[in-house]
Amino acid sequence: MGDKDGKRRPMTDVASSGGNRQQKALYTKKTGRGSKMRDVKSVGNFNSIHTKIKQKRPMRAVKSMPDIRNPMRSILMQVPMYAIHGMAPHVRKMSRSISRNTLYEREASEDDSLIPDVIGHQGCTFMLSVAVFAALMAPINFGYNIAVLNTPEDVMREALGQHGSPVGGFSWAIVVSIFNIGGLIGSSIAPPMLDTIGRRRFMLINAIFLTFAILFESLAVNVMTMALARLLVGISCGGTSVAVPLYLGEIAPVSLRGSLGTLNQFSMVVGILLAQVLGRPLGTPETWRYLLAFGAVFSIIQVFLYGCIVESPRWLVMNNEPNKAEKTLRQLRGSDEEESIIQVELESMQALTEQEKKEMTVGTLVRNPRHRLPFAIGVTLMLFQQWSGINAVFYYSTGFFKKAQFEDPYLGTVLTGAVNVLATGMAVELMDRAGRKALLVLSSAGMAASAILLTAALVASDKLNVDLGYIEVMGV
């Protein structure tokens, strides 16, 4: 390696110079057998860091300076380009394994503590933070509209009734459940629209559409207009459920996709809790329309931040605009990102685009014996999740607690929402530590025990005329 004057510089000088880009990488260095591990931050470009590693211990059959592009490409090709919560630890483990196998040819018994994490340097830039913040307004709004009718149900049924009588139970059930029908419609029409007009424009159109749908809902004068408004809101929220995880996964570096998937799910349950908290102060005969209209605040914020949202580089690659995709990636990754890493990401996106043309359909999955059982298990788990009764809790918990003669139904609803938020955060952590299967078994057992406890409390309250409201809240 030489200077501009043609003289060769020793590798140690190159390593100590640290390069011009000043990228940070975290390495673990052992102080001795059986001793504690300590973290050492090393600053410099990857080639100089790998030179230091090479000097620390002898490597076997190192043919040339380690190049992180190959392991980076392998990781990008294997990690889904979708924001899925709980994915981060598996990505880190995969990164270490691929780095070891690709960068060095060593004995398996050698210590892996000095193997570089080739994705660990990728952080969250300002542009990425703004885009994520704007996108997360949509799942917050989704969760808010799920639970917004819960607490003020009696007030709204009185206000929307005709001839002095409130809206009937069946009619109100249609108003509540039609939101899910809209979600089915929205999630079905979103994928072709996302591929046609792009992620950025779709989210803008969806946010504007949701704003007007929410305002229309807040101005409803009878049960028919309310049902129509809820259908429109559901269509928009169904589009959100498809667009946001896809967009977050396509703009985020591979090391952050799992974390952003967690934020997407967490934002939704926070929106549910927010609607439940505001249900009492705004759920009065005079202010219930403001409670409904409050949801438009999130979609309006998203519209105003549209100028700060960049288009998905993956969509630009899919539409043969590599120059724009490269420019967008530079905005998202920051000016300090290595040129080679940007090119590797672009090449991986192009390769994934070619692979998608050969993706299997649902019919192929069903006919393939290798994929049939995992596909059936996944679908069944999703069905049982919906049949567990959690949606009924979000929609009708206040009315349920009233019929159960609970002292403060509003408090029971808010406690249910708070537990939902805490459980979501705990599940993400436990998912990484205990594994998916163990968590599914434990959560299923917990749901069964809760259902038995709730049923027993309801029967005892009815037959023995005993107040077991707090036990019923625990069951919910």
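1. Helices here are DSSP runs of H or I with at least four residues, strands are DSSP runs of E with at least two, and both are numbered from the N terminus. By that count the chain has 21 helices and two strands.

2. This is a predicted model, in which local features need pLDDT of at least 70 and side-chain atom pairs count only at pLDDT 80 or more, while totals for chains, interfaces and linings use all residues. Residues are numbered from 1 along each chain as its sequence is written, and side-chain values use heavy atoms, with hydrogens and water left out.

3. Of the 476 residues in the chain, 43% are buried. Buried means under 20% relative accessible area, exposed over 50%, and partly exposed in between, with a 1.4 Å probe and protein chains only. Contact means heavy atoms within 4.5 Å. Among contacts in the chain with a separation of 6 or more, 72% are between residues 24 or more positions apart.

4. Helix α8 (residues 199–218) packs with helix α12 (residues 296–304) at an angle of about 150°, and their axes are 9 Å apart. Because of that angle, α8 is roughly antiparallel to α12. Axes are lines fitted to C-alpha atoms, for helices over the stretch in contact, and angles run from 0 to 180 degrees between N-to-C directions; under 35 degrees counts as roughly parallel, over 145 as roughly antiparallel, 65 to 115 as roughly perpendicular and the rest as oblique.

5. On the α8 side, M203, L204, A207, I208, L210, T211, I214 and L215 meet A296, S299, I300, Q302 and V303 of α12. By class, this contact has 10 nonpolar, three polar and no charged residues. Ala, Val, Leu, Ile, Met, Phe, Trp, Tyr, Cys and Pro count as nonpolar, Asp, Glu, Lys and Arg as charged, and the others, Gly among them, as polar.

6. S236 is in helix α9 (residues 223–251). At 0% relative accessibility, S236 is buried. Apart from neighbours within four places in sequence, S236 is in contact with N206, F209 and L210. L210 is also one of the α8 residues that meet α12.

7. The model has zero disulfides, a disulfide being a pair of cysteine sulfur atoms within 2.5 Å.

8. N320 lies in the loop between α13 (313–318) and α14 (322–333). Its phi is near 60°, a positive value in a residue other than glycine. N320 is exposed, at 69% relative accessibility.
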